[in-house]
Amino acid sequence: MIYLKAEDTTIVVSSYRIKEYKDELEKPTVRPGMDIVMIGSIGVGGAVKLCKKYENDLSKKFSWTFIETVIGLEWNTTVEYYIEMVQNYMCNSYSMEKAVCYEVDTEGTFGGLYELSKYINKGIDIDISKIPVLQQVVEVAEFFDVNPYKMDGTGALIIVCNEGSDMVEYLTDEGLFASVIGTVTDNNDKIARNGDEVRYLEPTRVEELSNLL
């Protein structure tokens, strides 16, 4: 078995660094066919912000327990912990030595996937039905009629790697919410599929919650 130091196993690139320093960052080696894994739910950051600001409005439909549960998602798990768990897996893997990790931010899950694809200079093919999503986030998004895939996704991590299924099995055994959501392709198309429906991802120009927060 190969044992690696945690600091040697992964390239961790925050969304801020990709956007602000993309010309200075070392380009990772990413090949078509590699898996795209997501840890954590879409839209958590946005749901937390909305519950904090509109507690009274939400209480007309939801219980206080529901609202407190959503707000509690802010501290439940962190990207730093996710990265630590990914590194733990990689240190005990036979063949995974490198992964690209992208912290989803206010641009939302779709925007984050777009930025990641642009950074690795490869296309992506995403199955929307595979993207992890908490029901609480969906219900808050529906209440405000916003798209949870576009609202603040702080708290989720997207990973490009090989052995995606094995990594997800390890992460879920450790109690994390994770799934293989797609693959890297040999073109520059940024595709998200929902059954027979196909959409092409675009950069986030206006934050989904800009009119509410």
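Reader: Which side chain does Thr-185 join in a polar contact?

Author: In this predicted model, the side chains of Thr-185 and Asn-187 are joined by a polar contact of 3.1 Å. Thr-185 itself lies in strand S6, which covers residues 178–185.

Reader: Is Thr-185 buried or exposed, and how should I read its percentage?

Author: A residue counts as buried when its relative accessible area is under 20%. Thr-185 has 16% relative accessibility, and therefore it counts as buried. If we leave out residues up to four places away in sequence, Thr-185 touches Pro-32, Lys-122, Gly-123, Ile-124 and Asp-125.

Reader: Where is Asp-125 found, and which residues does Asp-125 touch?

Author: Asp-125 is found in strand S4. Setting aside residues up to four places away in sequence, Asp-125 touches Ile-181, Gly-182, Thr-183, Thr-185, Ile-191 and Arg-193. With Arg-193 there is also a polar contact between the two side chains, at 2.8 Å.

Reader: How do strands S4 and S7 run, parallel or antiparallel, and how many bridges join them?

Author: As a general idea, the side chains of a regular strand alternate between the two faces of the sheet. In the present case, strand S4 (residues 123–127) and strand S7 (residues 190–194) run parallel and are joined by four bridges.

Reader: Which residues other than glycine have a positive phi, and where do they lie?

Author: Asn-121 is one of them, with a positive phi of about 60° although it is not a glycine. Asn-121 lies in the loop between helix H6 (108–120) and S4, and because its relative accessibility is 53%, Asn-121 counts as exposed. Another is Glu-163, whose phi is positive and near 60°. Glu-163 has its place in the loop between strand S5 (157–161) and helix H8 (164–173), but with a relative accessible area of 18% Glu-163 is buried.

Reader: How many disulfides does the structure hold?

Author: A disulfide is, in general, a covalent bond between the sulfur atoms of two cysteines. This structure holds zero disulfides. Cys-161, for example, is in no disulfide, and the nearest cysteine sulfur, which belongs to Cys-101, is 8.2 Å away. Cys-161 counts as buried because its relative accessibility is 0%, and Cys-51 likewise counts as buried at 0%.

Reader: At what angle do the axes of helix H4 and helix H7 cross?

Author: Two packed helices are described by the angle between their axes and by the distance between those axes. For helix H4 (residues 64–76) and helix H7 (residues 135–144), the axes come within 10 Å and cross at roughly 110°. Angles of 65 to 115 degrees count as roughly perpendicular, and therefore H4 and H7 are roughly perpendicular to each other. Their contact is made by Phe-66, Thr-69 and Val-70 of H4 together with Gln-136, Glu-139 and Val-140 of H7.

Conventions. Residues are numbered from 1 along each chain as its sequence is written. This is a predicted model: local features need pLDDT of at least 70, side-chain atom pairs count only at pLDDT 80 or more; totals for chains, interfaces and linings use all residues. Side-chain values use heavy atoms; hydrogens and water are left out. Two strands pair if DSSP finds at least two bridges between them. Helices (H or I, at least four residues) and strands (E, at least two) are DSSP runs, numbered from the N terminus. A disulfide is a pair of cysteine sulfur atoms within 2.5 Å. Buried means under 20% relative accessible area, exposed over 50%, partly exposed in between (1.4 Å probe, protein chains only). A polar contact is a pair of N or O atoms within 3.5 Å; within protein, one must be able to donate a hydrogen and the other to accept it, and residues adjacent in sequence count only if both atoms are side-chain atoms. Contact means heavy atoms within 4.5 Å. Axes are lines fitted to C-alpha atoms, for helices over the stretch in contact, and angles run from 0 to 180 degrees between N-to-C directions. Angles under 35 degrees count as roughly parallel, over 145 as roughly antiparallel, 65 to 115 as roughly perpendicular and the rest as oblique.
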